[in-house]
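Colleague: I have a model to go through with you. Could you put it up?

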Amino acid sequence: MFRGSITALITPFDGERVDEKSFQSFCDWQIKSGTKALVPTGTTGESPTLSHPEHDRVVELCIEAAAGRVPVMAGTGSNNTAEAIRLTQSAKDAGADAALIAMPYYNKPTQDGMVAHYTAIHNAVDIPIYIYNIPGRSIVDMTPETMGKLSKLKNIVGVKDATGDVGRVTSQREFCGNDFNQLSGEDTTAIGFNAHGGNGCISVTSNVAPDLTAIMQNASLHGERAIAIEMQDRLMPLHKALFVESSPAPTKYALSLLGKCKEDVRLPIIPLQEASKRIIEAAMKHAGILD
């Protein structure tokens with residue numbers, strides 16, 4: 001099972017080129033810092049601007065770097081069902097342990113349309129599938145009832161819930177059952193999500209502070225409330241700062257300060273304004289990860 005601190009990985013660029021060496025070194029650092037699983041080619045990995053060959057290659061690089069030490073959940077979502085099937089099949093062929101499939105964006109499918117989309121992918125590719133419900137980006141919101149219908153399919157095994165509503169955990173458990181693996185996709189409410197029965201977080205913050213995020217998640221899942229709150233208090237300004245401008249530009253800037261990658265992003269994401277950089281630096285100092 002995917003559990004604990006799971007990183008929604010950035011994709012390092014060197015200009016317009018995927019920086020393969022930095023990416024694999026970054027994956028290794030994540031694992032050695034306590035991250036329990038890796039998620040390449042999600043939206044934090046700028047997947048909408050990766051070409052299909054680049055997308056496939058980044059998944060391959062992650063699996064190679066992980067070398068079986070932690071599981072890999074590849075982001076394979078698209079608002080084009082046929083494209084999502086192709087990306088998911090490629091990830092399976094590369095050896096991914098699961099696929100994370102974001103809700104179709106822009107199309108605004110109905111609840112029945114969502115069921116049809118995920119069912120088509122499920123029937124085409126034999127791999128564990130996690131639904132990525134993020135209404136803030138996709139506009140549409142999958143209801144617990146709809147999720148319950150999809151959870152009856154053999155390979156739809158969990159959700160990355162980025163609604164920020166910790167009450168969803170209980171509602172989704174009602175319709176999906178206790179074995180449906182619920183993971184938060186929202187760092188600021190991750191402790192509360194676990195308290196309601198969640199099993200961890202697919203985190204943006206863990207890109208920058210993998211050790212602290214791992215300690216927080218481990219403490220939260222093992223009833224060590226004081227430690228979890230201490231870590232959350234250290235990380236909360238960083239949770240917020242990493243979205244001071246469009247993600248993942250803030251995360252890449254923070255990582256550039258740690259020498260992990262360049263700031264380079266792809267349009268329509270642009271480099272940070274100077275004022276935003278100061279906010280991120282202050283948050284990193286508050287967390288104790290920058291002098």
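Modeller: This is a predicted model. One definition before we start: helices here are DSSP runs of at least four residues, numbered from the N terminus.

Colleague: Which helix is Pro135 in?

Modeller: Pro135 sits in helix H5, which covers residues 135-138.

Colleague: What does Pro135 touch, leaving out residues up to four places away in sequence?

Modeller: Pro135 is in contact with Val140, Asp141, Ala162 and Thr163. Take Ala162: it is 27 residues from Pro135 along the chain, and the two C-alpha atoms are separated by 7.6 Å.

Colleague: Let's step back. How many helices and strands does the chain have?

Modeller: The count is 12 helices and 10 strands. The chain's radius of gyration is 18 Å, close to the 19 Å from the globule rule for 291 residues, so the chain is as compact as a globular protein of that length.

Colleague: What are the spans along the principal axes?

Modeller: The C-alpha trace covers about 50 × 45 × 35 Å.

Colleague: And how much of the chain is buried?

Modeller: Of the 291 residues, 54% are buried. As for the surface, the chain exposes about 11900 Å², with 52% supplied by carbon and sulfur atoms.

Colleague: What share of the contacts is between residues 24 or more positions apart?

Modeller: Among contacts with a separation of 6 or more, such pairs account for 71%.

Colleague: How many charged side chains, positive and negative?

Modeller: There are 27 positive and 33 negative side chains, and the centres of the two sets lie 2 Å apart.

Colleague: Now helix H1. Why do you say its length agrees with what it should span?

Modeller: H1 runs over residues 20-32, which is 13 residues. At 1.5 Å a residue it should span 18 Å, and its end C-alpha atoms are 19 Å apart, which agrees.

Colleague: Which residues of H1 are buried?

Modeller: They are Ser22, Phe23, Phe26, Cys27, Gln30 and Ile31. An α-helix has 3.6 residues a turn, so residues three or four places apart point the same way.

Colleague: Where is Pro40, and is it buried or exposed?

Modeller: Pro40 is in the loop between S4 and H2. Its relative accessibility is 0%, so Pro40 counts as buried.

Colleague: Which residues is Pro40 in contact with, leaving aside neighbours within four places in sequence?

Modeller: Its contacts include Leu9, Phe23, Val58, Cys62 and Met73. Phe23 is also one of the buried residues of H1. Leu9 is 31 residues from Pro40 in sequence, while the C-alpha atoms of the two are 5.2 Å apart.

Colleague: Next, residues with a positive phi. What about Glu46?

Modeller: Glu46 is not a glycine, but its phi is positive, about 55°. Glu46 lies in the loop between S4 and H2, and at 4% relative accessibility it counts as buried.

Colleague: And Ile139, what is its phi?

Modeller: About 75°, again positive although Ile139 is not a glycine. Ile139 is in the loop between H5 and helix H6 (144-151). With a relative accessible area of 55%, Ile139 is exposed.

Colleague: Changing topic: which residues does a cis peptide bond join?

Modeller: One joins Ser247 and Pro248, with omega about 10°. Another joins Leu267 and Pro268, with omega about 15°. Pro248 is in the loop between helix H10 (225-241) and H11, and Pro268 is in the loop between H11 and helix H12 (274-287).

Colleague: Last topic, Ser151. Where is it, and is it buried or exposed?

Modeller: Ser151 is in helix H6. Its relative accessible area is 15%, so it is buried, as the cut-off is under 20%.

Colleague: What does Ser151 touch, not counting residues up to four places away?

Modeller: Ser151 touches Ile156, Phe175, Cys176 and Phe180. The C-alpha atoms of Ser151 and Gly177 are separated by 8.4 Å, and these residues are 26 apart along the chain.

Colleague: Where is Gly177?

Modeller: Gly177 is in the loop between helix H7 (167-176) and strand S9 (181-184). Its relative accessible area is 26%, so Gly177 is partly exposed. From Gly177 to Tyr132, 45 residues apart along the chain, the C-alpha separation is 18 Å.

Methods. Residues are numbered from 1 along each chain as its sequence is written. This is a predicted model: local features need pLDDT of at least 70, side-chain atom pairs count only at pLDDT 80 or more; totals for chains, interfaces and linings use all residues. Side-chain values use heavy atoms; hydrogens and water are left out. Helices (H or I, at least four residues) and strands (E, at least two) are DSSP runs, numbered from the N terminus. The radius of gyration is taken over C-alpha atoms; the globule rule is 2.2 Å times the number of residues to the power 0.38. Buried means under 20% relative accessible area, exposed over 50%, partly exposed in between (1.4 Å probe, protein chains only). Contact means heavy atoms within 4.5 Å. Accessible areas come from the Shrake-Rupley method with a 1.4 Å probe; for residues, only the protein chains shown count as cover. Lys and Arg count as positive and Asp and Glu as negative; His and the chain ends are not counted. The place of a charge is taken as NZ of Lys, CZ of Arg, CG of Asp or CD of Glu. The expected span of a helix is 1.5 Å times one less than its number of residues.
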